[in-house]
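The sequence and the model are shown first, and the main features follow by topic.

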Amino acid sequence: MSETGSSGSMNPTRLVHDVLQPEGWPLPKGYANAVMAENGTIYTGGLVGWDSEGRFPESFVGQAHQTFRNIRDVLAVAGAGPEHLTRLTWYVTSIEQYLADPKGLGAAYRDVFGRCFPAMATVEVTRLVEPKALVEIEATAVLPVGAQARG
């Protein structure tokens with residue numbers, strides 16, 4: 001990666017993170033699905049509940065379940081798992097949909113993440129960039145010192 005200096009010349013920029021890209025996923029344009037800093041901290045972008053073909057389940061719980069799988073798949077690129085999650089920030093288009101099926105949502109969560117419960121926040125938003133998305137989640141995870149695999 002490089003950046004243009006003030007004189008207009010191209011100066012190489014040393015990245016302080018590795019991009020995490022699950023195999024078989026389409027390459028994002030203009031952003032990364034996730035990055036891992038040199039200290040083993042993993043940051044995801046806002047991940048949504050689409051599959052590798054860009055298809056969304058119809059229901060909120062279905063989209064959340066796929067989003068959890070997507071987070072798991074990104075973490076796996078760095079050798080991380082749900083036990084390394086430290087934070088999840090949920091952006092939802094409807095708090096009512098989020099609250100409508102707590103048992104189903106909890107079952108979907110535990111199916112992918114087990115009983116790992118990081119700090120979480122939920123924010124209702126007017127809409128998400130992807131028109132069919134009902135939920136978008138950002139995750140932060142931390143690998144223990146000495147366990148940092150590089151993506």
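A residue is called buried when its relative accessible area is under 20%, and exposed when that area is over 50%. The model described here is predicted.

**Helix H3**

- Helix H3 consists of 12 residues, 102-113. At 1.5 Å a residue they should span 16 Å, and the end C-alpha atoms are 16 Å apart, which agrees.
- The buried residues of H3 are Leu105, Gly106, Ala108, Tyr109, Val112 and Phe113.
- The exposed residues Lys103 and Asp111 are carried on the face of H3 that is turned away from its buried side.
- Among the elements that cover the buried residues of H3 are two helices, H1 (60-77) and H2 (95-100), together with strands S7 (85-92) and S8 (119-124).

**Threonine 67 in helix H1**

- Threonine 67 is found in helix H1. Its relative accessible area is 0%, so threonine 67 counts as buried.
- When residues up to four places away in sequence are not counted, threonine 67 touches Leu47, Val48, Gly49, Val135 and Ile137.

**The largest nonpolar core**

- In soluble globular proteins, nonpolar side chains tend to be buried together.
- The largest nonpolar core of this model has 30 residues. Those with the most contacts inside this core are Ile42, Phe68, Ile71, Leu85, Leu88, Trp90 and Phe113.
- Two or more residues of this core come from each of strand S4 (34-37), H1, S7, H3 and strand S9 (135-142). H1 gives the most, with seven residues.
- Isoleucine 42 is in contact with Leu20, Val35, Met36, Leu75, Ala78, Ala80, Ala139, Thr140, Ala141 and Leu143, leaving aside its neighbours within four places in sequence.

**The largest pocket**

- The volume of the largest pocket is about 490 Å³. This pocket is lined by 22 residues, of which Pro28, Tyr31, Asn33, Val48 and Trp50 are the closest to its centre.
- Strand S6 (47-48) supplies at least two residues of the lining of the largest pocket, and so does H1.
- Val48, one of the residues closest to the centre of the pocket, is also touched by threonine 67.

Definitions and conventions
Residues numbered from 1 in each chain as written. Predicted model: local features only at pLDDT ≥ 70, side-chain atom pairs only at ≥ 80, totals over all residues. Heavy atoms only, no water. Helix = DSSP H or I, 4+ residues; strand = E, 2+ residues; numbered from the N terminus. Expected span 1.5 Å × (residues − 1). Buried < 20%, exposed > 50% of the residue type's maximum accessible area, 1.4 Å probe, protein only. Contact = heavy atoms within 4.5 Å. Core = buried A, V, L, I, M, F, W, Y, C linked by side-chain atoms within 4.5 Å. 1 Å grid on protein atoms, 1.4 Å probe; cavity = no way out; pocket = protein on both sides within 12 Å on 5 of 7 lines; lining within 4 Å. Points joined across faces, edges and corners; volume = space filled by probe spheres on them.
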